[in-house]
Amino acid sequence: MSDQKTAHEKISALGANISSNVNEALQVAQPAMNRMSHRAKDELHNLEESGKDAYADAKHKLEKEAHHVRVTTEHLIQHSPFNAVLIAAGTGAVAALAVSWFMRSRQH
C-alpha cells in the first residue's frame, strides 16, 4: 500500500510542478502578450485611419470629377444644343438596343 501511496504522491507532486511551471510561464509571457496586443490594436487603429483618409480622398476625387462632368455637359448643352440632343438620342438608342438584346437572350 505504501508503493501506491508513494506513486500517488509522486503523480500529485509532478502535477503540481507542471502546474507551477505553466503558471510561471504564463506570468513571464503576459507582458509580451500585452505588448503584442497593444501593437495589434495600434496597427488596426492606423489601418482604420488610413482607410478613412483613402475614402475621403476617393470621395473628394469623385465629387470633383462629377462637378467637372456636370460643368462640361452644361457647357456642351448651352453652346451646342443640337449636338447635345443627338448625343442624348444616340445614348438612348444604344441603351434600348442593349436592353433589347439582353431581354432576347433571356428568352432563349
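# A predicted helical chain

L14 lies in helix α1, which covers residues 2-79, where helices (H or I, at least four residues) and strands (E, at least two) are DSSP runs numbered from the N terminus. The model is predicted, and for that reason local features need pLDDT of at least 70 and side-chain atom pairs count only at pLDDT 80 or more, while totals for chains, interfaces and linings use all residues. Residues are numbered from 1 along each chain as its sequence is written, and side-chain values use heavy atoms, with hydrogens and water left out.

Overall form

The chain holds two helices and zero strands. Its radius of gyration is 37 Å, well over the 13 Å that the globule rule gives for 108 residues, so the chain is more spread out than a compact globule. The radius of gyration is taken over C-alpha atoms, and the globule rule is 2.2 Å times the number of residues to the power 0.38. Along the principal axes, the C-alpha trace spans about 110 × 45 × 5 Å.

Surface

Of the 108 residues of the chain, 1% count as buried, where buried means under 20% relative accessible area, exposed means over 50%, and partly exposed lies in between (1.4 Å probe, protein chains only). The chain exposes about 9900 Å², and carbon and sulfur atoms supply 63% of this area; accessible areas come from the Shrake-Rupley method with a 1.4 Å probe, and for residues only the protein chains shown count as cover. K64, at 58% relative accessibility, counts as exposed, whereas E9, at 46%, counts as partly exposed.

L14, I18, V22 and L26 make a nonpolar surface patch of about 370 Å². Patches are made of residues with over 30% relative accessible area and no salt bridge, with like charges joined within 9 Å and nonpolar side chains (Val, Leu, Ile, Met, Phe, Trp, Tyr) joined within 5 Å. L14 itself is exposed, with a relative accessible area of 51%.

Charges and salt bridges

The chain has 12 positive and 12 negative side chains, and the centres of the two sets lie 7 Å apart. Lys and Arg count as positive and Asp and Glu as negative, while His and the chain ends are not counted; the place of a charge is taken as NZ of Lys, CZ of Arg, CG of Asp or CD of Glu.

Side chains of opposite charge can pair when their charged atoms come close. A search of the whole structure finds two salt bridges, a salt bridge being a side-chain nitrogen of Lys or Arg within 4 Å of a carboxyl oxygen of Asp or Glu.

| Salt bridge | Closest N and O atoms |
|---|---|
| K52 and E48 | 3.5 Å |
| E74 and R70 | 3.4 Å |

K52 and E48 are four residues apart in helix α1, so they are separated by about one helical turn. K52 counts as partly exposed at 46% relative accessibility, and E48 counts as partly exposed at 42%. E74 and R70 both lie in helix α1, four residues apart, which is about one turn of the helix. E74 is partly exposed, with a relative accessible area of 39%, and R70, at 45% relative accessibility, counts as partly exposed.
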